[in-house]
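This briefing is meant to be read beside the sequence and the structure.

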Amino acid sequence: MAPERESNRERTPVGATAATRPRTPRLDQPRPPRRRILPEWDPEAFGRLSEKIARFLGTGRFIVWMTVVIILWVVWNIFAPAVLRFDNYPFIFLTLMLSLQASYAAPLILLAQNRQDDRDRVNLEQDRKQNERSIADTEYLTREVAALRMGLGEVATRDWIRSELQDLIKELEERRRHDGHVVFPAERAERSPGRDAEDR
């Protein structure tokens with residue numbers, strides 16, 4: 001029986017610090033959700049809905065439907081039996097409905113325009129950064145091409161070497177014609193094989 005009594009009792013903190021420590025929420029657990037009086041909504045979903053409504057309000061279909069509704073309203077309240085009329089001649093209720101529609105349409109259109117402005121601002125910022133990167137890349141490539149041109153200006157190309165060799169061959173042939181001397185050792189060996197043997 002004694003162990004059961006001990007298990008039924010609540011455990012109390014032991015030690016000097018445990019008794020004085022304030023009860024704080026644990027960091028490894030999420031906070032419980034707070035109760036709010038006002039209803040919550042997703043601003044992104046509300047913004048998308050406002051854009052859809054603003055797009056519809058800006059179409060010819062909305063103008064046609066609104067015109068049809070107003071004409072039916074007026075015709076019904078003029079030619080219908082007096083018992084079935086709900087808005088007599090000054091059409092005060094129609095004016096109220098149109099002003100209510102306008103009072104909701106204007107903020108929705110402004111909200112959609114603000115969202116579009118935010119998107120345009122982000123797109124312009126991204127385009128500006130992309131242009132800056134493109135300009136930096138172009139300047140880097142321009143410097144690299146200029147460095148390559150300067151380096152190639154000092155390198156002997158195949159055509160330049162070929163032209164220099166051709167000029168040298170022409171100069172040697174002219175000397176041979178004027179002096180009568182054999183310039184190339186291979187030609188000397190072909191002309192006088194006996195002289196080569198004697199020289200050896």
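The points below, which concern a predicted model, are grouped by topic.

**F91 and its backbone**

- F91 is found in the loop that runs between α4 (60-79) and α5 (92-153), and its phi is near 55°, a positive value in a residue other than glycine.
- For context, most residues other than glycine have a negative phi.
- F91 counts as buried because its relative accessibility is 12%, which lies under the 20% cut-off for that class.

**Aromatic pairs**

- The structure holds 4 aromatic pairs, and a pair of this kind is described by the distance of the ring centres together with the angle of the planes.
- One of these pairs is formed by F56 and F62, whose ring centres are 5.6 Å apart and whose planes stand at 70°, so the pair is edge-to-face, given that angles over 60 degrees fall in that class.
- Within this pair, F56 is partly exposed with a relative accessible area of 36%, whereas F62 counts as buried at 15% relative accessibility.
- Y89 and F91 also form an edge-to-face pair, with 5.9 Å from centre to centre and 65° between the planes.

**Aromatic cluster**

- W73, F86 and F93 together form one aromatic cluster.

Technical notes: Residues are numbered from 1 along each chain as its sequence is written. This is a predicted model: local features need pLDDT of at least 70, side-chain atom pairs count only at pLDDT 80 or more; totals for chains, interfaces and linings use all residues. Side-chain values use heavy atoms; hydrogens and water are left out. Helices (H or I, at least four residues) and strands (E, at least two) are DSSP runs, numbered from the N terminus. Buried means under 20% relative accessible area, exposed over 50%, partly exposed in between (1.4 Å probe, protein chains only). Rings of Phe, Tyr and Trp (its six-membered ring) pair if their centres lie within 6.5 Å; planes under 30 degrees apart count as stacked, over 60 as edge-to-face and the rest as tilted.
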